[in-house]
Amino acid sequence: MIVATTPAHLTLRWPGAMTFGMAVVLLPWLEEIVFRLGVHDFLRERMSGRVGPVSAANGLTAALFAFAHLLAHPPMWALATFLPALVFGALWERHERLWIPVSVHAFYNAAYLCCLSFTAGASG
């Protein structure tokens, strides 16, 4: 574990390599395969319409993505996945290249872990 002290005397604790690897490499691929290639495409073939800039398929997929996170995380944490899931879905609809939402998802997870590690170090 890497520990560093910031000028504000806060401790930064990085997650273990296994946690980081799962959150930044494995899970973005698995989740985007399931939710973009599976759920999103399935719904897009069967649903039309938009709510503002968001397709109905993307909105429902993002809601299901947040619900899936609710099974393993606190409600507010799971709800916080809804907006990024809309972004991942919009990227999928625009580019139809899986590596694009996977890359943004991985960056989002890495940034989240860094912020979580920083705030956890600040309180403990």
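The crossing of helices α1 and α2 is right-handed; a crossing is called left-handed if the near helix is turned anticlockwise from the far one by less than a right angle, and right-handed if clockwise. This is a predicted model, in which local features need pLDDT of at least 70 and side-chain atom pairs count only at pLDDT 80 or more, while totals for chains, interfaces and linings use all residues. Residues are numbered from 1 along each chain as its sequence is written, and side-chain values use heavy atoms, with hydrogens and water left out.

**Helix packing**

- The axes of α1 (residues 17-46) and α2 come within 9 Å and cross at roughly 140°; axes are lines fitted to C-alpha atoms, for helices over the stretch in contact, and angles run from 0 to 180 degrees between N-to-C directions.
- α1 and α2 are therefore oblique to each other; angles under 35 degrees count as roughly parallel, over 145 as roughly antiparallel, 65 to 115 as roughly perpendicular and the rest as oblique.
- α2 also packs with α4 (residues 82-95), at an angle of about 135° and with the axes 8 Å apart.
- The pair α2 and α4 is therefore oblique, and its crossing is right-handed.

**Helix α2**

- α2 comprises 15 residues (residues 56-70), and its end C-alpha atoms are 21 Å apart, in agreement with the 21 Å that it should span at 1.5 Å a residue; the expected span is 1.5 Å times one less than the number of residues.
- The buried residues of α2 are A57, N58, T61, A62, F65, A66 and H69; buried means under 20% relative accessible area, exposed over 50%, and partly exposed in between, with a 1.4 Å probe and protein chains only.
- Seen down the axis of α2, these buried residues fall within an arc of 165°, so they line one face of the helix; the arc is that of the directions from the helix axis to the C-beta atoms.

**Overall make-up**

- The protein chain has five helices and four strands; helices (H or I, at least four residues) and strands (E, at least two) are DSSP runs, numbered from the N terminus.
- Along the sequence, the elements follow the pattern β-β-α-β-β-α-α-α-α.
- Of the 124 residues in the protein chain, 34% are buried.

**Cysteines**

- The count of disulfides is zero, a disulfide being a pair of cysteine sulfur atoms within 2.5 Å.
- C114 is in no disulfide, and the nearest cysteine sulfur, that of C115, is 7.0 Å away.
- C115 is likewise in no disulfide, its nearest cysteine sulfur being that of C114.
- C114 counts as partly exposed, at 27% relative accessibility.
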